[in-house]
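Colleague: Please take a close look at the ligand site and walk me through what surrounds it. Then carry on to the parts of the protein you can describe in detail.

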Amino acid sequence: MQRLVPLLRLPSLRRSAPILGLRQSNIHPCPRLFTASCRPAAKNLPPRRVIHDSEIEENFLKGSGPGGQKINKTSSAVQLKHLATGIVVKYQDTRSRSLNRKNARMILGEKLEELEKGEESRVRVKAREKSRKKASSTKKKRRKYRGLEGAKDEVADEEGLEGVEESAGTSESEAKDLAKDGTAGKAGGAG
Amino acid sequence: MPRLPTSLLRKAYAIDSLLPPLLGPCRDLNSARNELRWLREHVDKVSRARYTKGGSSAKGGLLRTLVRKRVSGGKPIGAPLQYGLGTEYFGDLEIEVRPGVLIPRPETAASVTHLTRLVRDARELPTELRILDLCTGTGCIPLLFHDVFYSVRSDVELRFLGVDISSKAIALANRNLQRLRRSKKYVHKGVTEFMLADVLVNPFADRARRPDEPLPLKSALNFNKKRVFWDILVSNPPYISPSAFRTTTARSVRGFEPRLALVPPGEAGRSDTEQGDAFYPMLLVAAIDAEVKIVLLEVADLDQAYRVARMAQGMQVYDGIEIWRDQPDQAHDGSSQPSSEFPIIGQGNGRSVLCWRGPGALWLGKNNGEASNAGPLVQKPYSELDSVSKPEAVHSSLHPESFMQMQGGRRNV
Ligand SMILES: C[S@@+](CC[C@H](N)C(=O)[O-])C[C@H]1O[C@@H](n2cnc3c(N)ncnc32)[C@H](O)[C@@H]1O
């Protein structure tokens, strides 16, 4: 028997209806096959920042006090701390802890990349590309939206939720798929 | 509980009039907003479904009812949100829950996911891998193992049997299986079954059994013509002692989740601690009977973990025993690691005990079954034990029955 190569899978896309609702239509045309040709728009973007487990400290099950059967909490908040920079990302918008984990990682990845590459980071490159493309009316609308949401969840920045990844080991083609445009970064909406 | 400041309540009310009551069980604004949003999403979904069925879609009333349940539930403290919404996430799976059956916990999902990943990454596995889950509740453990394993690998047939004493649990577990099987992402491989049985009673006890009582595990396996031999045994049994139930168990758990799922039954002459530990000796015997190569047992805390690990050590068949914390996939910080008779893996509270023997070591990615990280355990290599106590199992990884079924063929490890 052979060792399997655990790459090229993105099971989370199909399970993530609650927060990806907005994005579903974007994802639909190419639900399973993640190749660059699927998303030509992503071609020019720098690769996604990969986060290694050793770089971060992850906290989601409180270490103090009893747990397991003795308590039943609804919070599935996930907190990531990047050890080198001290950047902390907290994510708690969905009921699914594993989805919160994925989203937190992605947001952290973008923050780090922006920090490391500045103007050359995906976030900036994408933003520039988009501002070229989008009509100004759309822009206005988005700005207003961002204003509303920003206060609530500063980590869910513009493209915070555009996709989800399985773990730090995102393959390049997956990353390309995730790249896309960044319209849906607002699932942090309040009730 | 301290009273909530009026300013907070006022702020919450300004955002949404339904928020202040939710602050009671949630305690902070962010969690309350999250819960309200989830309740709303749920109500939207329900009313959409009703609407397509031709019914009315009065959302406001339903939402208020759900909030009221969460807040009072007819008792001094509100019912768990998950019973109101009808589901809970377990790993990537959305599992259906119902009053009368324990709501799955994230700690369980973390250990089961970790175990499954270790096994999934093994270079060589039997062509059929059998997983027995005792005290299965919603069936969440086998369903998650199936999900995590098949999301990456498909060269192995997984066979699961989930066992519970509660017919409510068995019905719900079957329902969860059907529900997942209908979902698009389900990989249609392997066999998953659930069975009613009592894992605590000794079949040879001379106590008369009432006709409506579930059969003891061994008799139930025979009676239902299930496999007798298994590869992996997982269990999250009731493990809370009566005193811990009174003192360290959350009120919403005590008030709304079934005691049957949390506190082992008492028996004359049993101490409080012994009662809390009551399932483990029976589970370890079941593991020997089924000749499993890996055992994963959830526990309440580090103290119970040590007691269970010592019980397992006393069985004298395991090549390695270790204790997992809540997050076994996290490297421990090293600072406060006490020197311990058993290796302790991960971060958080002591959460489970892992034992392995024979090929189990390879399936877990342990170096060739060397007892290297089994601490001070002095144990005979599995092969030796084999020749002494199990003359029929020369190929230690073969189930005698499947060996025959396959004419010595493919169960090579
Ligand atoms: C703590 S719950 C665990 C449920 C599920 N495995 C989970 O992790 O969410 C324990 C389960 O054990 C079952 N149980 C209690 N006594 C039992 C017995 N004597 N034999 C078999 N199952 C029992 C309860 O019905 C309950 O579903």
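Modeller: The shell around the ligand has 13 nonpolar, six polar and two charged residues. That is for a predicted model. In total, 21 residues surround the ligand. The closest are Cys135(B), Asp164(B), Asp198(B), Asn236(B) and Ala261(B). The site is shared between chains, because residues from chains A and B surround the ligand.

Val199(B) uses its backbone, with an N or O atom 3.0 Å from a ligand nitrogen. Ile165(B) also has a backbone N or O atom by a ligand nitrogen, at 3.2 Å. How much of the ligand does the protein cover? On its own, the ligand has 590 Å² of accessible area, and the protein covers 97% of that.

Next, a helix of chain B. H14(B) runs over residues 302–314, which makes 13 residues. From first C-alpha to last, H14(B) reaches 18 Å, close to the 18 Å expected at 1.5 Å a residue. At its start, a side-chain oxygen of Asp301(B) comes within 3.3 Å of the backbone nitrogen of Asp303(B). After the helix comes Gln316(B), with a positive phi near 55°.

Which residues of H14(B) are buried? They are Gln304(B), Ala305(B), Tyr306(B), Val308(B), Ala309(B) and Ala312(B). Here is a general point to keep in mind. An α-helix has 3.6 residues a turn, so residues three or four places apart point the same way. The cover over the buried residues of H14(B) includes helices H12 and H13 of chain B. Strands E7, E8, E9 and E10 of chain B are also among the cover.

Move on to the loop between H14 and E8 of chain B, where Tyr318(B) sits. Tyr318(B) counts as buried because its relative accessibility is 0%. Tyr318(B) and Leu354(B) are 36 residues apart in sequence, yet their C-alpha atoms are 10.0 Å apart in space.

Last, a residue of chain A. Glu58(A) lies in strand E1, residues 56–59. Its relative accessibility is 1%, so Glu58(A) counts as buried. Leave aside its neighbours within four places in sequence. Glu58(A) then contacts Val78(A), Gln79(A), Leu80(A), Arg101(A) and Arg105(A), among others. Its contacts in chain B are Gln327(B), Gln330(B) and Gln347(B).

Notes:
Residues are numbered from 1 along each chain as its sequence is written. Chains are lettered from A and ligands numbered from 1 in the order in which they are written. This is a predicted model: local features need pLDDT of at least 70, side-chain atom pairs count only at pLDDT 80 or more; totals for chains, interfaces and linings use all residues. Side-chain values use heavy atoms; hydrogens and water are left out. Helices (H or I, at least four residues) and strands (E, at least two) are DSSP runs, numbered from the N terminus. The expected span of a helix is 1.5 Å times one less than its number of residues. Buried means under 20% relative accessible area, exposed over 50%, partly exposed in between (1.4 Å probe, protein chains only). Contact means heavy atoms within 4.5 Å. A polar contact is a pair of N or O atoms within 3.5 Å; within protein, one must be able to donate a hydrogen and the other to accept it, and residues adjacent in sequence count only if both atoms are side-chain atoms. A residue is near a molecule or strand if one of its heavy atoms lies within 4 Å of it. Accessible areas come from the Shrake-Rupley method with a 1.4 Å probe; for residues, only the protein chains shown count as cover. Ala, Val, Leu, Ile, Met, Phe, Trp, Tyr, Cys and Pro count as nonpolar, Asp, Glu, Lys and Arg as charged, and the others, Gly among them, as polar.
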